[in-house]
Structures are given as structure tokens and as C-alpha cells.
Amino acid sequence: MSDRTLTAAETQPAATAAPAASTHVDAGDAGYSKDLKSRHVNMIAIGGAIGTGLFLGAGGRLASAGPSLFIAYAVCGLFAFFVVRALGELVLYRPSSGAFVSYAREFMGEKGAFTAGWLYFLNWATTGIADITAVATYTHYWSMFSDIPQWVLALIALAVVLTVNLISVKYFGEMEFWFAIIKVAAISVFMVVGIFLLASQHKVGDGTPGLSNILDHGGIFPTGVMPMLMVIQGVVFAYASVELCGVAAGETKNPEKIMPKAINSIMWRVGLFYVGSVILLAVLLPYTAYHGGESPFVTVLSKIGIPYAAGVMNLVVLTAALSSLNSGLYSTGRILRSMAMSGSAPKFTGLMNKGQVPYGGILLTAFFCVLGVGLNFVVPADAFEIVLNFAAIGIIGTWGMIMVCSLLFYRRSKDGRVTRPGYKLPWAPYTQIVTLVFLAGVLGLMASEPGASRTTVLCLPIIVAALVGGWYLVRGKVAKAQRENELARAEAGQS
């Protein structure tokens, strides 16, 4: 039996192949160029799924959870795929540079759009603080840069990435394309080396690769199940950019052809790069050989005597941080413009330059990144960690809003008010519900862990109060913008 209500329009042969028409008009979608090509979107999708969470963070998580880390990556990767697949269905229904903010506006009203947009900004503003500091820290690895103050390196990195973002979306796409190429090449080379070591039984350090490195050191759960559950919150953050390809759809030609391929590829890439590499790391060395602060790939390569392994991996991690900063500036610029056009963000964030780039929103995010440089110097480490944990709150909120929009879209399709495109989220509405339960569970895990994670969750009432207070401050502007946009559409229709 069909999972949707058939309408007259759906009886046409092309109804399931072409995007479903939408009557919703978002003023924030006007004015963009369509310069992102298929190769850009494909590599943006890959780059969003591979970052420092794998290249650097996997070392400490392996030491904590042992080989069971691959289960955490697999589970979180599955839910990340559900989120981006739900967003992909909405994109084919109506491509929008405002992405989930625009869909929240259509299905939840302006309050929903306001909440989704500012949660996303919270995510990237705090992530940007981490990225700009990380870039400076990684650059200090090389002696030629050791005498340059960290804040100078951070500002140089920000200036370069900011300039590229402000010129045109094509330059952003090219930068992200090559960043992703570097990341994919690095992980691919390591996996080839690792498989060779395993197949040839070449010694890694004092031991021999094989299942014995798992079975003789406590099995898959050497420290119990709970440590594996506790690393899930960090693993979710590792997937935090997968929704970026949905934002990019608004500046892509033929998104109905490009987006399904890019989104579907995320699943097998997550399985190969994350799950596959963690399993490979676990059989090459015992989990006790890994530790936080050092890339697990460097740990393996240094034990087989490969020269410059640490330097090369440091370059890859630096690239991942720059890629994250690049993505944050790009996506928040588009999201803030969508909000500004509806009155729920400062007016200047809706401004476009000659290159059809929303420079106002990009500059606002860059401003918070600059504040982050100073923050890193003046606050204790634990306080700075709390700020970074706010990024996790932001991404959980964003993913939750995407799934709520998808659920409301599904319900409207059952009522016959909208038509789902041929590219659907599987097993709806159960997929959305299970994903929302999972995200609530991640918040519960954060609350159960003493320290910065629990403190961050306890700050949720402050975030909610800020959102409520912010809405009351802008609701008059939102109502005025709605009237102006409706009047503009009416005049355009008459002409």
C-alpha cells in the first residue's frame, strides 16, 4: 500500500521523477548564482562527513572505548545519514539556500525558523572559535612558525578563508573541493598501508597485526559498554557538517540530479572511512597504544618507521580545520540571509555583494571567530571546553529541527497538501521519530557525564530563555517583513 495520498498531479509519469512543486516563496532565495557543480557538491558531502573527529579525535576515543568505537561511529553515522536524507527529500521538494530554516518557516512558522536559524548559528559560531584556534595550534607544529604569535596565525587563517568566501560561491566550492580531496587521499593511503600491514603480517611496533590485538586485550568492550556510550556525544559532533550539502543545493544547477547521488554516497563513505578505519586501527595495534592528543594514524605510521608521518598528518588535520571554518562561514552566511529577509536576523546580514555572496552574515560569523581568539587566551581550559560543547547543543538542535520539519512535511503529504518527491526518506515517519529519540538520548548522555558536558546541558534553560527573549524582540520586525514580502509578491504577480 502506498505511503502517501495520491493526487491528480501524481498520476503523470514524471511525477515521481521531478521535484514536487511548492507554493511557498522564500525571499531569502533570490539573488544567488548557480555556480556550484556536481563535483563541488559531491566533495562537499564527503568533506562534511570527514573531519578532525576522525583524524585527531579517534585516538582518545579508542583509548577510552576500545574497539567498540566502531559501533559508535556506525550508529551515529546511520542517524547522520537519516538526517541528511530527510533534508535531501525537502531539498528536492523545494531547493533553498536557507535550507532547514526555510523549511521550518514553511512547516512551523516564523518561530520555528527563528529557532532553527539561531541554533545553527550557535553551532557554527562556537565551532569557528575552535577551528580558528586549532589552525594556529597545528601551524605551530612546524618550527618556522613557532615564533609567530598564535593570535596572528589565527587571524591570517581567518582572513584567507574569509576572503575566499566573500569573492564568490565558486571560489568557496573550489576550496572545499581541494580540502576534501586532501582528506580523502590521506585516509585512503592510510587504509591501503594498513591493509598491506595486516595481509603481510608486518610487525607494527613490537606486535603483529591481527584479531589478537582485540581478543587478547579485553575484546570489543575492554572497558565496558558505558565508555562506548559516553563517546557518542563526541562522535555526533564529528558528523556535524553533513547537512552542509543541503545548504549548497540552493546554489547548484539541477539539484534534483546532483543531490540524491551526493547524499546516497555519504552512507558508504561513512562505512568505509569511519567504521573501516577504526576496525583497521583496532587490529593493527591494541587500543592501549592510542591516546588523546595524537592522531591514531600517526601512532601507527610512526611505529613502522615512516618518516614525516606526524608532519603529513598534521597538515591533514590543519586542512580539516580550515575546511570546517570555510564551511561555517559559507553556511551561516546563507542561513542568516534567509532569516534577515524575514526580519528575524539583523538587517545587514541580508546584504549581498556583486559576487552574489551574502557578505553580512559571513562577516558576523567571522566577528565571533575573532572573539574566540581572545577567549582562548583569557578563560581557563574548562570554561573554553564549555563553549565548545555549545556547538554540540547547536548541532543536536539543528538535526532535531530538520527531522521535525521532515515529519511535518510527511504529515502534510498524507493530507494531500504537498506531494513528496521521488527521492524519499525511507521508513517515514518512524525514521524521524527514532532519530529524535536518539538525539534526546545524546543529550541525556551529556547530562550524565560530570564536567563540561553536564554544565553545558544545565545551560539549556539559558539558551531557551535567550531564544524566547530574542523572539519577542524581533517579532514586530518579522510581522512587518511578512507584510512587505506579501505586498512585493502581489505586485510582481500583477505585473
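Residues are numbered from 1 along each chain as its sequence is written, and side-chain values use heavy atoms, with hydrogens and water left out. Because the model is predicted, local features need pLDDT of at least 70 and side-chain atom pairs count only at pLDDT 80 or more, whereas totals for chains, interfaces and linings use all residues.

The largest nonpolar core holds 151 residues; such a core is a set of buried Ala, Val, Leu, Ile, Met, Phe, Trp, Tyr and Cys residues joined through side-chain atoms within 4.5 Å. Buried means under 20% relative accessible area, exposed over 50%, and partly exposed in between, with a 1.4 Å probe and protein chains only. Phe55, Leu69, Tyr73, Phe190, Tyr239, Val300 and Trp399 touch the most other members of this core. Its largest share, 16 residues, is supplied by helix 4 (residues 69-93). Helices here are DSSP runs (H or I, at least four residues), numbered from the N terminus.

Tryptophan 399 touches Ala80, Val83, Val236, Tyr239, Ala240, Val242, Glu243 and Leu439, leaving aside residues up to four places away in sequence; contact means heavy atoms within 4.5 Å. Phenylalanine 81 lies in helix 4 and is buried, with a relative accessible area of 10%.

Helix 5 (residues 99-108) and helix 15 (residues 309-340) have axes that come within 8 Å and cross at roughly 30°. Axes are lines fitted to C-alpha atoms over the stretch in contact, and angles run from 0 to 180 degrees between N-to-C directions. The two helices are therefore roughly parallel to each other, the term for angles under 35 degrees. Ala99, Phe100, Val101, Ser102 and Arg105 of helix 5 meet Ile335, Ser338 and Met339 of helix 15. By class, this contact has 5 nonpolar, 2 polar and 1 charged residues.

Helix 8 (residues 169-200) has 32 residues and should span 46 Å at 1.5 Å a residue, which agrees with the 46 Å between its end C-alpha atoms; the expected span is 1.5 Å times one less than the number of residues. Just after helix 8, glutamine 201 takes a positive phi of about 55°.

Arginine 475 belongs to helix 20 (residues 460-494) and counts as partly exposed at 44% relative accessibility. Its C-alpha atom is separated by 57 Å from that of leucine 285, 190 residues apart along the chain.

Technical notes:
Angles under 35 degrees count as roughly parallel, over 145 as roughly antiparallel, 65 to 115 as roughly perpendicular and the rest as oblique. Ala, Val, Leu, Ile, Met, Phe, Trp, Tyr, Cys and Pro count as nonpolar, Asp, Glu, Lys and Arg as charged, and the others, Gly among them, as polar.
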